[in-house]
Amino acid sequence: MSQPPLLQIHNVSRTDTSTGKHLLESASLLIHAGDRIGLVGNSGSGKSTFLRAMAMLDRCTGEWIFNGNTITKDDIPAYRRTVIYLSQRPFFTTGTVEENLRLPFLFKSAETGARDSFQRDLAASTMQTLGLSPQILNQPAESLSGGEQQMVSLIRALLLDPRILLLDEPTAALDSDAKLRFEERILKWHRESNAGNEYGRAFLWTSHDPNQVDRLTDQTLTMQQGELILPTGPNSENQSANKSNQQANGVG
Amino acid sequence: MFDLNGLDVTIPGLIHGQMLGQFLAPRPEGDISLSWFEVGVAASLLLINAIISIQLGLGMAKRIATSSVRMVIQLAILGLVLKQIFELSQPAPVLALAATMTIIAGVSAVKRIDYRYPSIYRNSIFSVWTSAWIVTSITVLIIVRPQPWYSPQVVIPLLGMVLGNSLTGISLGLDRFMSELRNRRGEVETMLALGATRWESCRGVFVEATRTAMIPILNTMSVAGIVSIPGMMTGQLLAGAEPLEAVKYQIMIMFVIAAAIAIGVVLSLSLSYRNVTNSNHQIEWDQIRRH
């Protein structure tokens, strides 16, 4: 393989610290620049648990290696700006859309982030490509429709220039128009940021809809009762990534 | 009174300010001691509450009865214990009673909190203990300076008043902190996912909880002497003290109580924040359970 993996996670497990229930069993995965990975599974199978574990949002055991560096506790805020988890339900603070977009730039980790300050022009142009009027920058974020909120949530993440997006059923609450726009925007982001191929991007998308996963991704993982099953992707073009994922899983 | 009414705990630890006032005041010339018949007259006023409850179908008659009986029994026990300790006039029994009161206050502070984590009792007791004992020690040893220093007439009521207020503050603060953390889970998680440290994501909840906990004492201070005559001053006046002397004492007590609340609240919230988060900038949601 020419390039080292963007992100490697090894033997990541999560147990409910209160009930002792195993929620995620020793999952391992390699993500390369340019990967488009789908994650399917029944509700309750642990898809969200796995995505949250990748973003290190819950107490887990295991190893996270980003760009060759093992992530330790002090790296975590900066890591989460680079490997961004987008939840099913977007959240906004009281205040305008612009204030919400500025929020991540108020955190200390902004100093080490890919972008350290808010760029209003970029926000406005990103909005236009998503079919949103830049005028909503001045509207209260909480007054937006569900679809608009999900779009703004995506813009908020994109403005941080992430390397990996972890998308947890992002279009579940959107109507079909908004769903298509959202999908297009993700693919466009992926295509454009990988064209220069120096700093590749990847995303992982969970969905109930197998058609959506086929449409958007080139390999499919399955979650089953807290276990990650690799990979069932029909596409042959990404066999090398598939193989390396199998190897990573075999380590466990 | 201070905000003892906010929590209807009439445990022995919560001694009303009037009692302290009477202990601190010079012996009265006129006799104001009560006979049991006179106490009975006051008790009969409770019938008004009972009648209202029955008439309006509030279903609180039983609660009124049990609360009243508890209050009478607890205060009677307190009276007997205090009588013994006053007669002994030794440091050890005073400190033992003070420690017992402190632990009861620490446990009571957790009583009304809906969302808890495993070490919440330990944190509450530690915070009540630290805040109340620092502040009471300074007051007793530097400000009031009774002879001897452990003089139970001063130490016990003063500590009781400080504990009662500190526990109210801690209880309000912790309850708000835990419930806000739950209610604002989406906000906190979103901030973490976008690169916030654990403190950056929880600061809003922490500030809100601190504010909530401090509001009662700030309100009490701002209306003191206008809407009500504070409890300790009432006690001193009843016992025949000079009004300006009583005011001086009351001002001192207000500051002491406000300091105890501030220390106790910040301490209990800081400990809770550390217990519900970890150094990987995660919230320990699994540990937070509803009671």
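This is a predicted model: local features need pLDDT of at least 70, side-chain atom pairs count only at pLDDT 80 or more; totals for chains, interfaces and linings use all residues.
On the side of chain A that touches chain B, the elements contributing two or more residues are strand E1 (7-15), helix H2 (76-82) and strand E6 (83-86) of chain A. H2(A) gives the most to this side, with four residues. By residue class, the side of chain A that touches chain B comprises 12 nonpolar, six polar and 10 charged residues.

The interface brings 28 residues of chain A into contact with 22 residues of chain B. About 2,200 Å² is buried between the two chains, 51% of it on carbon and sulfur atoms. Within chain A, the most area is lost to chain B by Arg80(A), Phe91(A) and Phe107(A), which together account for 25% of what that side buries. Three salt bridges are found across the interface. A salt bridge joins the side chains of Arg52(A) and Glu189(B), at 2.5 Å from N to O.

The largest nonpolar core contains 93 residues, and Leu29(A) and Phe50(A) have the most contacts inside it. Helix H7 (residues 152-183) of chain B gives the most to this core, with 14 residues. Leaving aside residues up to four places away in sequence, Phe50(A) touches Ile9(A), Leu24(A), Ala27(A), Leu29(A), Leu39(A), Met223(A) and Leu228(A). A second, separate core of 39 residues includes Ile155(A), Ala157(A) and Phe203(A), together with Ala196(B).

Note on methods: Residues are numbered from 1 along each chain as its sequence is written. Chains are lettered from A and ligands numbered from 1 in the order in which they are written. Side-chain values use heavy atoms; hydrogens and water are left out. Contact means heavy atoms within 4.5 Å. Buried area is the accessible area (1.4 Å probe) that two parts lose on being put together, summed over both. A salt bridge is a side-chain nitrogen of Lys or Arg within 4 Å of a carboxyl oxygen of Asp or Glu. Ala, Val, Leu, Ile, Met, Phe, Trp, Tyr, Cys and Pro count as nonpolar, Asp, Glu, Lys and Arg as charged, and the others, Gly among them, as polar. A nonpolar core is a set of buried Ala, Val, Leu, Ile, Met, Phe, Trp, Tyr and Cys residues joined through side-chain atoms within 4.5 Å. Buried means under 20% relative accessible area, exposed over 50%, partly exposed in between (1.4 Å probe, protein chains only).
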